[in-house]
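Please look through the sequence and the structure before reading on.

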There are 2 protein chains.
Amino acid sequence: MKKFINHPDGVVADALKGLAASDAGVRVDHENRVIYRAQPKAAGKVALISGGGSGHEPLHGGFVGLGMLDAACAGEMFTSPTPDQMFAATTEVDGGAGVLHIVKNYTGDVMNFEMAAELAADAGVAVDTVLVADDVAVEDSTWTAGRRGVGTTVLLEKIVGAAAEEGQDLATVKALAERVAANGRSMGMALTSCTVPAAGKPTFDLPEDQMEIGIGIHGEPGRHREPIASAKEIARQLVEPVLADLDFTGAPVIAMLNGMGGTPLIELYVMYGEVAELLEAAGVAVERNLVGNYITSLDMAGCSLTLLRADDEMIRLWDSPVVTAGLRWGL
Amino acid sequence: MKKFINHPDGVVADALKGLAASDAGVRVDHENRVIYRAQPKAAGKVALISGGGSGHEPLHGGFVGLGMLDAACAGEMFTSPTPDQMFAATTEVDGGAGVLHIVKNYTGDVMNFEMAAELAADAGVAVDTVLVADDVAVEDSTWTAGRRGVGTTVLLEKIVGAAAEEGQDLATVKALAERVAANGRSMGMALTSCTVPAAGKPTFDLPEDQMEIGIGIHGEPGRHREPIASAKEIARQLVEPVLADLDFTGAPVIAMLNGMGGTPLIELYVMYGEVAELLEAAGVAVERNLVGNYITSLDMAGCSLTLLRADDEMIRLWDSPVVTAGLRWGL
């Protein structure tokens, strides 16, 4: 295992130390493993919280900041944070206008955020939840009932974060979040496994000449394996199932070509060139895009495609300022 | 070889297609393999050009845009662009105020930019050159007489790009570039080799339990190999030679902890946490930082540290707006 770590059990804590040192816009509660915005909370602003297992950086801690999340709860590697963490974050960020929990559809996350929401409601905080379940690859999976929640989460945190920043109320913010979640679709694939530090060996075996289509972000099984193909053919295998699941024509689309952590940017650009060509041929109008590492799977070599069937309001919110470690523009 | 490619010989062309599709701020001359800003050139603005072998993305093509480069010439993988490309770019971007060539110190790049500068001068363009040779690891190397040019190039392109955007003249811009080049130092290391697509196998062998300290961005030999150590120890081996080479106390410092392409962000944050601690203990005041993939070496797992002994003017220029695929803030 070739990794920059001090000890396999200390990776999450050490990475949070580094994030805190590099991003002056956040402060980290190291005991609870919650990343907060550094500036005081704005009264009257709906607060957004997300969280999940670590190993997907910059998601979610790298998306805390102006125009995006108010707090992120970091779990152990590929393991849900606890209800205690989420409850602490929820009460801390509530400025009186309520809190929205953004939850990726994995059984542990769903259950723990549910418990945290109940605790927070008992404590008098208005809490609502949006669930992201956008992965078209499989219906159920190792840790999921229903579709897994993946790349749409990034786009949702950006768009809904902008709405909250404008002072929209909890019901409006929640409705927008539901609309984004309903209109996003993703599909991923892997060239290699990832290696969880504490395990010390690859999560699964993938022969040197094989790839796995439909992989999950924890290395959960996808649809099938086959010999490694050209970038053009891989792009087709990502684009087709996404387009088959939702009509992306007749609306402005936001596309994300996401690296899984071990894939260099030059290869992501090769992939994006092929994806863009296929989308154009299919009559899909990509108005905004991201190419890079946004929701990763440790050191996995691979990529995923996320498309969001947006509308003018979402595009407007997409373009408004965001200042986080993982996404920044406008200020 | 597990890579997203169509054909080993087409990777550079395909990646440029993807960059052009994703970044509306650039246009690509695919025949000459030059990336230009999409908007018309500003009269009276000094133009900045860089370039070099491909495989280091986002450097340089991802740094073309407002507040940074006017054009970048993409060579074949790890191979200098030709004087023809550089000459074409130079005459194209000159708005009458002259052109600065930003050259990393590799024999091919130096020679070819020199020829291009001569051709451009003959064509009546005022051209000047700044050479970056900031790698403290080795004195000479496989493709270099003198120190190799690495991470300081990124910081220089940002800072000098801001100065050019403000309308500073060629002599002033060049003097600033020299000051940045003189005050930047880098040191890198690798956990794994990289694999050049056309070669199809790792550039060098690095046993599973070994790392190489002082590696170059093309996999050129560094100082020595040793068993893989903790992040803390690796950080020490990057920080110490950099601090030994230049006094970084008593000035604002810009730090970059750069990933080599195959290292995920969570590990870069672990490394940055250790680096920040060592720098603080040494009395170095890091005022700005970057953590991420900025000057890569294809799929190499590894990282490099760059420190720039800045001044108030450099910090001011650092903070001004930049809108490129690889670096963006302020607008």
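Through which surface do the copies, chain A and chain B, meet? Of the interface residues of chain A, 100% are also interface residues in chain B, so the copies meet through the same surface. The model discussed here is predicted.

**How the copies are related**

**The single chain**

Chain A contains eight helices and 14 strands. The C-alpha trace of chain A spans about 55 × 50 × 35 Å along its principal axes. A compact globule with 331 residues would have a radius of gyration near 20 Å, and the 19 Å of chain A agrees with this.

The table lists the two pairs treated here.

| Helix pair | Residues | Axes come within | Crossing angle |
|---|---|---|---|
| H2(B) and H3(B) | 83-93 and 107-122 | 8 Å | roughly 45° |
| H5(B) and H8(B) | 170-183 and 312-319 | 12 Å | roughly 100° |

Take the pair H5(B) and H8(B), whose axes cross at roughly 100°. That angle makes H5(B) roughly perpendicular to H8(B), because angles of 65 to 115 degrees count as such. On the side of H5(B), the contact is made by Leu176(B), Arg179(B) and Val180(B). On the side of H8(B), Glu313(B), Met314(B) and Leu317(B) take part. The residues of this contact divide into four nonpolar, no polar and two charged.

For H2(B) and H3(B), the axes cross at roughly 45°. These two helices are therefore oblique to each other. The crossing in which H2(B) passes H3(B) is right-handed. H2(B) contributes Pro83(B), Met86(B), Phe87(B) and Thr90(B) to the contact. From H3(B) come Asp109(B), Asn112(B), Phe113(B), Met115(B), Ala116(B), Leu119(B) and Ala120(B). How do the residues of this contact of H2(B) with H3(B) divide into nonpolar, polar and charged? There are eight nonpolar, two polar and one charged.

Terms used
Residues numbered from 1 in each chain as written. Chains lettered and ligands numbered in written order. Predicted model: local features only at pLDDT ≥ 70, side-chain atom pairs only at ≥ 80, totals over all residues. Heavy atoms only, no water. Contact = heavy atoms within 4.5 Å. Axes fitted to C-alpha atoms, helices over the stretch in contact; angles between N-to-C directions. Helix = DSSP H or I, 4+ residues; strand = E, 2+ residues; numbered from the N terminus. Parallel < 35°, antiparallel > 145°, perpendicular 65-115°, else oblique. Left-handed = near helix turned anticlockwise from the far one by under 90°. Nonpolar A, V, L, I, M, F, W, Y, C, P; charged D, E, K, R; others polar. Rg over C-alpha atoms; globule rule 2.2 N^0.38 Å.
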